[in-house]
Amino acid sequence: GSISENVYTNHFLGFSIEIPLGWKAADNPALKALAEKNRQALAKQDLVITQFARGDEVDSPLLVLGEVEPWKGGPHRRLVQILSTDVSARPGQPSAEEFLNFLARVSAEQNLASKYDARLEKVMLGGRELWKAHFTQSTSIVWHEARFAIMARKHVVQFILMSPDEEGLRTLESIMKTLHIESQPE
């Protein structure tokens with residue numbers, strides 16, 4: 001993907017989204033380091049967790065954005081991540097709904113830091129149908145997270161919005177209104 005005039009465009013996966021003013025994108029070396037860290041972490045996990053992470057089926061960051069200034073004067077910044085997971089080698093037709101349900105189930109079964117709160121819903125954005133789920137993630141703080149997922153060219157594309165509070169998460173959802181998805185075969 002590439003950024004031009006505050007718009008991130010990914011021609012291969014067929015979408016574009018606006019970057020909010022006052023936000024900064026992580027550079028490419030940082031994204032590569034994050035992808036490698038994900039691969040190494042998955043290599044150490046239980047086989048159940050790797051159901052969607054065999055071989056190259058690892059979440060690869062396409063874009064990671066953060067606010068330049070902390071949200072509402074607090075110590076933490078809101079974040080937006082766009083991830084892609086290549087599921088082309090998987091038999092059958094994987095779906096975004098199945099992927100989000102899998103994340104929720106594994107989070108509960110493995111007692112992971114991310115907890116799904118059972119609000120999986122179908123939403124229309126950018127002229128296409130996406131699946132949306134809410135998670136909370138407890139690390140050194142509690143992160144509120146909305147994940148939007150869609151299939152594109154045998155990839156699960158996730159748009160992950162993260163905020164240290166629910167109000168910040170609701171305001172982040174306006175970013176998703178700038179999403180444009182090209183029509184393309186699944």
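In the predicted model, the aromatic residues Y8, F15 and F159 form one cluster. A search of the whole structure finds two aromatic pairs. In one of them, Y8 and F15 are joined in a tilted arrangement, with 5.9 Å from centre to centre and 45 degrees between the planes; this angle counts as tilted because planes under 30 degrees apart are classed as stacked and those over 60 as edge-to-face. Both members of this pair, Y8 and F15, are buried. The rings of F15 and F159 also pair, and here the planes stand at 80 degrees with the centres 5.2 Å apart, so the arrangement is edge-to-face.

The pair of F15 and F159 can also be placed along the chain. F15 belongs to strand β3, which covers residues 15-18, whereas F159 belongs to strand β11, which covers residues 155-163, and the pair therefore ties together parts of the chain that are 144 residues apart in sequence.

R147 is positioned over the face of F135, at a distance of 5.2 Å from the ring centre. R153, in turn, is positioned over the face of F12, at 5.0 Å from the centre of that ring.

Terms used
Residues are numbered from 1 along each chain as its sequence is written. This is a predicted model: local features need pLDDT of at least 70, side-chain atom pairs count only at pLDDT 80 or more; totals for chains, interfaces and linings use all residues. Side-chain values use heavy atoms; hydrogens and water are left out. Rings of Phe, Tyr and Trp (its six-membered ring) pair if their centres lie within 6.5 Å; planes under 30 degrees apart count as stacked, over 60 as edge-to-face and the rest as tilted. Buried means under 20% relative accessible area, exposed over 50%, partly exposed in between (1.4 Å probe, protein chains only). Helices (H or I, at least four residues) and strands (E, at least two) are DSSP runs, numbered from the N terminus. A charge sits over a ring if NZ of Lys or CZ of Arg is within 6 Å of the ring centre and within 35 degrees of the ring normal.
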